[in-house]
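Please open the model in your viewer and keep the selection panel at hand. The tour begins at the ligand and then moves to a pocket.

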Amino acid sequence: MSIRDNYLIIRNEIPDDVTIVAAAKTRTVEEVKEIIQAGATDIGENYLQEAEQMCEALGEITKQVRWHMIGNLQKNKINKALPLFNIIQTVDSLKHAEDINLRAERINKIISVLIEVNIGSEITKSGVAPDFEVIENLAQGISNLKFLKLEGLMTMGPISGDPEEVRPYFRKIKQIFVKIGDLNINNIEMKTLSMGMSNSYKVAIQEGSNMIRLGTILFGRR
Ligand SMILES: *Cc1c(COP(=O)(O)O)cnc(C)c1O
């Protein structure tokens, strides 16, 4: 099946209020163009350099979609990333948030961010622990940064394996997400729960995700 068909089938099968972020790492310009033409509204990139090359090659249609940074953003890449991305999903410390805020202030751009929560700590070192107090503290800290707009949480979990095994973690993150929203912290708006990938998106949606990040199931194996 074509990328277009893959996208449309999943788009039709999930609720309208769930956003699909097409995870474009290692994909060609033609592949990303195809998915945008099929109606994709949001593209995720893991690497600044790939994102720069992609946006330049796509030209005008770059502006039709929102660009999400879903990989680690090193400090020395923040300046270049800020004009390109609409949202950075991988903020995982107050220091990182402050580094982004400082540079966003210089170009007077308010940038949307999500806190990255790591639910599969054996796989990656990035992301904060799935712990209410840790996440609340970081949310409070980010709320004081004028050029960041905290909009929710992003979870990285095990890439493969039985999605049922992640269900309890998804459920826990959703509870934390709701609890933080209930605190009504100034200057933040807990509206996005970016949770679920190709192998786990169905379970993630059942557990309350409203943003799924899909690579393999849309574009094929890497
Ligand atoms: C690659 C990637 C995805 C998509 O993973 P698939 O299993 O290919 O759907 C989602 N989120 C992040 C952060 C990724 O790097």
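The stops below are given in the order in which to select them.

This is a predicted model, in which local features need pLDDT of at least 70 and side-chain atom pairs count only at pLDDT 80 or more, while totals for chains, interfaces and linings use all residues. Residues are numbered from 1 along each chain as its sequence is written, and side-chain values use heavy atoms, with hydrogens and water left out.

**The ligand**

An N or O atom in the Asn-46 side chain is 2.7 Å from a ligand oxygen atom. For Ser-198 the corresponding distance is 2.5 Å, and for Thr-216 it is 2.6 Å. The protein buries 93% of the 380 Å² that the ligand exposes when taken alone (Shrake-Rupley method, 1.4 Å probe).

**The second largest pocket**

Now select Tyr-47, Leu-48, Gln-49, Gln-74 and Lys-77, the closest to the centre of the second largest pocket among its 13 lining residues. A pocket is an open set of points on a 1 Å grid over the protein atoms alone, where a 1.4 Å probe fits, with protein on both sides within 12 Å along at least five of seven lines; lining residues have an atom within 4 Å of a point. About 200 Å³ of space lies in this pocket, the volume being that filled by probe spheres set on the points.

Finally, colour helix α3 (residues 48–58), which supplies the largest share of the lining, three residues (a helix is a DSSP run of H or I, at least four residues). The lining comprises four nonpolar, six polar and three charged residues.

Notes:
Helix = DSSP H or I, 4+ residues; strand = E, 2+ residues; numbered from the N terminus. Nonpolar A, V, L, I, M, F, W, Y, C, P; charged D, E, K, R; others polar. Polar contact = N/O pair within 3.5 Å; in protein donor to acceptor, adjacent residues only side chain to side chain.
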